[in-house]
Amino acid sequence: MDGNGAVTTGPIATYAGPISMGLPGVTAAPGDHVCAFYRGPVQRDEVLLPFLREGLLAGDKVICVMDDPDTERVRGPLAAEVDVELSSRTGQLNLLCSDRAYFPGGYFAADAMIDFWERGVDDAVRREGYGFVRAVGEMTWALRDLPGVEHLVSYESLLNRFIPRYPLVSLCLYDLERFTDGQVLMGLLRTHPKVLLSGQLLENPWFTEPDEYLADLG
Amino acid sequence: MSAPELDIPNQLGRGLLSTMRSLLVLGQLMTESTDEQQIVDLATTAVPSLARCRVVGVERAGATTRSPAVAAALGAVGATGGWLDLPGATWGWAYPLGSLTGPLGHLVVAAETEPTGEEQFLLRALAQQTGAALANQRLHAQEQATALELSLVNDRLRGTVGALERSMEIHARLTTVAVSGEGHDGIARAVHELTGLPVAIEDRYGNLRAWAGAHRPDPYPKDPPARREQLLRRALRSVRPIRDGGRVVALAHPQGDILGVILLVDPAGTAGEQELMALEHGATILSMELARVRSLAESELRVRRDLVDELLNGTDEESALTRAVALGYDLQRPHRVLVVEGRGRSRDTDQLFQAVRHAARDEPAGSLLVARGTQVVLLADVEADWERLRAGVLRELGGGEQSGNGSREVRARIGVGEVCERVAEFPRSYRQARLALRLLAVAEWEDRAVRFDDLGIYRLLVGIDDPGEVERFVQRWIGALLDYDRQRGANLVRTLSHYLDRGGSYEATARALIVHRNTLKYRLQRIRQITGLDLSDPETCFNLQLATRAWHTLSVLRS
């Protein structure tokens, strides 16, 4: 499979209504690809933890790829309201470290990554029977000095061909204290249809459809 | 990563509302940004999406301008911006980066054709947003810097308070030691507990006085005197404790007089400021302790000296006994007064005093003594072997058992007074000891310890109330010889005295006088001629010998 194709072989039981992001008054729609900008780990948790908690409580499949190898920093606070152990055991919560998800071969390949997501989401919906999937990626891995990370923005653009085909909301976490290159930030603005900024989910007027964006890149 | 070239008319075709939303989202992202360059990059990258023009630069006030031409053009339009005459561009414009405190710089753009009014409006709005975001970021950075500074000040304050508390703890602990009278051991223990390092206290010469902590060396190592002096001088010059190999050394030197040394054993060099502080406090407390001990010793010494002086000069018995009791000394035992003369190898005036003190302690012969001029007076409270005492003094002075054996310069002789049973008798015993000592010199006896009791006829002569009778007796028998000696500078009385004291032996007399036998015979002939006396008559010899001794006695009494 590549970023343009799909593995769809049968109908998907979709959930069409709005889903809660866990923040007051903030809801997303299935197929939303959201770019969340924040400053530092405290603000990250203010966005991340409510999103995960809502998903687990709602019975959604949650796939979360964190760059911070200390997954306890996510599990710990969640455990107050959710049975994290049970969720992990049943597979409802799939909490991964970016090393395993993004760099299995020691380099980043956008196609392989989209394949990873598509398999995960497709399995959740078709095999495991989840009605909705929440995907989260902490994106600071892209700042590492590893081959392929320069294709970050192209990868984000390609995701827009895959995400709308599933009952899925994808949340990409970008720390403004780490992503300091303004040109990269503009690229991210152009590849996410929704932007979560200061507790508000905005339709992103800068968004450019992947065909157009990737064509411009050449 | 470069910004993609977009179809701007199509973008704008989405309508003004969509473009305004774009600006709002961008403005919000700029407000969330964490540094100035991030904001400037966002603005620069966004410009081609808003208008058909290129960015010349985002020129911030105070920052280096990229091009002199741009700088000159900006200087011409001033803070509010406006049209710019830029080389290679038909149209150029500087939009002020607005903030509450005035423009922070300019967004400078250029184009081949002048953008539409709507595009120019969007560029102005973008510049305004960029300025607001920059101002916001600077305020935030300033707040962070202030918070950081406050945090650093708090850290320093905590450090200072911590050090102060530690200092107070050290001070309190050592002050407790000082007032509790635990002495050297207590001080060493306290400094050891405060530093965790082994602690030694040494006297000035490097002898161990106290140790606290593990691994006490046995025997305790001692530096050679020259190295020791070098270390002390170095420590004296330094305000803080000094490192000497694996030790950190501080001096106890009240009024600059080094009384002792306290040191940390620290071969790994782990002692920090807190440990040095504890060591310094320890040195201060040790100084106080040593000064106190020395002051006590000095005042006791002074009281003892005063007591001896008064006893020798004659004093009120009641007062002398009271003071002796205060000193823990039993004055009501029988005593003898001893007067010691001598000289050691060095010219140190204190040497004889110390020699007598040590010899009297070792004998033992007594502990009350004073220096009087070149003599030392000892109040002996036991009947010691005085000749052995004299040998001890000689030894202490640096001589051998015999004064005449290769160490002639070391001498010692002792006059011993009679026993005094009461305080009032000390002056008499003292006078007797001095007389005995002077007789040794006048009669040209060898150095020895001589008891007044053993002086025989001399003792009788001294006791005669009327010296005039003795004088007349001397004149009757040797007056003519004394006149002859005085007039001619001769030695006839001395010759006669030695001859009679040696029982009329020519041999022994010539040797004692260091003269030739013929010289001695000639002198004896002169004596017979001048006195008209027969030296072979025992009666005559007795009276002549008595007369010479009486003459010695008179000499001693007169001197």
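Tutor: A crossing of two helices is left-handed if the near helix is turned anticlockwise from the far one by less than a right angle, and right-handed if clockwise. The model discussed here is predicted: local features need pLDDT of at least 70, side-chain atom pairs count only at pLDDT 80 or more, and totals for chains, interfaces and linings use all residues. Residues are numbered from 1 along each chain as its sequence is written, while chains are lettered from A and ligands numbered from 1 in the order in which they are written.

Student: Which is the crossing of α5(A) and α6(A), left-handed or right-handed?

Tutor: The crossing is right-handed, so the near helix is turned clockwise from the far one. The axes (lines fitted to C-alpha atoms over the stretch in contact, with angles from 0 to 180 degrees between N-to-C directions) come within 10 Å and cross at roughly 35 degrees. Both helices are DSSP runs (H or I, at least four residues; strands are E, at least two), numbered from the N terminus.

Student: Which residues of α5(A) and α6(A) meet?

Tutor: A:Ala110, A:Met113, A:Ile114, A:Trp117 and A:Glu118 of α5(A) meet A:Ser154, A:Tyr155, A:Leu158, A:Leu159 and A:Phe162 of α6(A). Contact requires that C-beta atoms, placed from the backbone, lie within 7 Å.

Student: What makes β1 and β2 of chain B edge strands?

Tutor: The open sheet of four strands has the order β1-β4-β3-β2 in chain B, with antiparallel pairing. β1 (54-60) and β2 (82-83) each have a single partner strand, so one side of each is left without a neighbour in the sheet.

Student: Why is B:Thr80 called exposed?

Tutor: A residue is buried if 20 or more other C-beta atoms lie within 10 Å of its own, exposed if 12 or fewer, and partly exposed in between. B:Thr80 has 12 other C-beta atoms within 10 Å, so B:Thr80 is exposed. B:Thr80 is found in the loop between α4 (68-77) and β2 of chain B. The C-alpha atoms of B:Thr80 and B:Ala94 are separated by 8.3 Å, although these residues are 14 apart along the chain.

Student: Why is α9(B) said to lie largely in the open?

Tutor: Of the ten residues of α9 (residues 317-326) of chain B, zero are buried, and therefore this helix lies largely in the open.

Key:
Contact = placed C-beta atoms within 7 Å. Pairing = 2+ DSSP bridges.
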